[in-house]
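Hello,

Here is the structure I promised to pass on to you. Please open it first, and then read my notes below.

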Amino acid sequence: MTSAVIIVGAGPAGVGCALALRRAGVENVLVLEADTVGASFRSWPEQMRLITPSFHGNPFFQTDLNAITPDTSPADLFQKEHMSGDEYADYLQAVVLHFRLNLRENERVLQVLPESQGYSVETDKARHRANVVIWAGGEFSHPKHGAFRGAEHCAHSSVFRTWKDYQGEDVLIIGGYESGIDAACHLVHLGKKVLVLSSGKPWNVDHPDPSEILSPYTRERLVRAMQSHPGRLNLQENATVVSVDRLSGRYIVETADGEVFDSEHRPIAATGFQSALTPIKDLFAWEGSTPQFTEEDESTLHLGLYYTGPSLVQRESKFCFIYKFRARFGVIARSIARRLGYPEPDLEDDRRRGFLVDDLECCTDCECAVESQPEPLEAKS
Ligand SMILES: Cc1cc2nc3c(=O)[nH]c(=O)nc-3n(C[C@H](O)[C@H](O)[C@H](O)COP(=O)(O)OP(=O)(O)OC[C@H]3O[C@@H](n4cnc5c(N)ncnc54)[C@H](O)[C@@H]3O)c2cc1C
């Protein structure tokens, strides 16, 4: 059967985009999900919380930062500011049920093949056809194992379901951004002694784009953890790891400056994730490691193949938070409505509520009028 649109993935990007299409009047949309709705969030460590705060300001045109539609709010659903992974997945599931989305769980897309008219979408259950495909497969299932030799000796931060599973008293974490510092804070509260090796010093840099620095939520927790457990959480800045070796039952970690650290237990690699486009990378043009998009978030090689989610890059800015990539739902929905010959959609409400930002200047100028002045954190260099 041919669908007008197939969306691959039922995380916030896929579900949110499906509902933007509905607001644009596009019918016959099918969402295919390899696992269950919000599966990535269900895999988070139990202690992890969304770093972006939720607050129900929707009626005042200040849509909850983690909402995927203009008229829903995780804060309103749970009366909480920082949701756990399970809670956020429950929110996504509630949205899917409320809006009766046409969605199939446990159906994994194996291949997307461009045809003369549209796309063939092959799954582990069937072969579908669609005029348009939106890839919303997410990054979480593609951990970056580190650009250093011996990375296989480390445990990636995404494999832990609870930090209580970490064996050992001393922990060495490679990577000092969100996941590394999140792990460090939880582990130190569990009584461990933690050393974080970071290539830069994200806890002490000033940048107007929140994607480039530690979130206020994480930095606050870091300060608290260092103050309440003096000497147990140590930060080593400008320590770019080049290799991890296993010698005499210990893990030997070397940095670009020739410094050597050793650990009795497997280091944790908090080295982030690959692009969400990895499974369909050949369908996109790349400049180095950056995928290229049209101004409407399509592949420049295959029109009608869109991407929504945190790997979107426009004007060198990453749309890596929910509030950032949802700003493009309206742009994608409008573009698809036009492509499929629907009447011009009225998405002015989406625009007012932050779901249709088509002026890309928004992502090139994040300057704040008043300079930030955080207390510097003590780290070894
Ligand atoms: C650890 C971590 C913490 C984060 N915290 C925040 C935060 O606090 N706030 C924020 O705004 N952002 C946060 N982010 C950014 C994050 O990327 C997004 O919030 C969000 O998960 C991205 O949504 P998504 O729908 O693109 O991907 P996902 O939520 O990963 O959803 C993708 C879905 O696609 C499915 N899928 C994958 N491949 C296939 C396939 N071949 N066939 C069918 N289905 C498939 C997966 O099972 C999954 O359900 C965080 C990211 C990570 C990794």
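**How the helices pack, and what surrounds the ligand**

H1 and H4 are roughly parallel to each other, because angles under 35 degrees count as roughly parallel, over 145 as roughly antiparallel, 65 to 115 as roughly perpendicular and the rest as oblique. Before going further, a word on the source: this is a predicted model, where local features need pLDDT of at least 70 and side-chain atom pairs count only at pLDDT 80 or more, while totals for chains, interfaces and linings use all residues. Residues are numbered from 1 along each chain as its sequence is written, and side-chain values use heavy atoms, with hydrogens and water left out.

Back to the first pair. Helix H4 covers residues 85–98, and H1 packs against H4 at an angle of about 25 degrees with the axes 11 Å apart. (Helices are DSSP runs of H or I with at least four residues, numbered from the N terminus; axes are lines fitted to C-alpha atoms over the stretch in contact, and angles run from 0 to 180 degrees between N-to-C directions.) The crossing of H1 and H4 is left-handed, meaning that the near helix is turned anticlockwise from the far one by less than a right angle, with clockwise being right-handed. Pro 12, Val 15 and Leu 19 of H1 make the contact with Tyr 88, Leu 92, Val 95 and Val 96 of H4 (contact means heavy atoms within 4.5 Å). By class, these residues are 7 nonpolar, no polar and no charged; Ala, Val, Leu, Ile, Met, Phe, Trp, Tyr, Cys and Pro count as nonpolar, Asp, Glu, Lys and Arg as charged, and the others, Gly among them, as polar.

H1 (residues 12–23) also packs with H8 (residues 329–339), at about 50 degrees and with axes 9 Å apart. H1 and H8 are therefore oblique to each other, and their crossing is right-handed. On the H1 side the contact includes Gly 16 and Cys 17, and on the H8 side Phe 329 and Ile 332. This contact has 9 nonpolar, 1 polar and no charged residues.

What about the ligand? Of the 32 residues around the ligand, Glu 33, Ser 40, Ile 51, Thr 52 and Ile 322 come nearest (a residue is near if one of its heavy atoms lies within 4 Å). A polar side-chain atom of Ser 40 is 2.5 Å from a ligand oxygen atom. (A polar contact is a pair of N or O atoms within 3.5 Å.)

Best wishes

Technical notes
Helix = DSSP H or I, 4+ residues; strand = E, 2+ residues; numbered from the N terminus. Polar contact = N/O pair within 3.5 Å; in protein donor to acceptor, adjacent residues only side chain to side chain.
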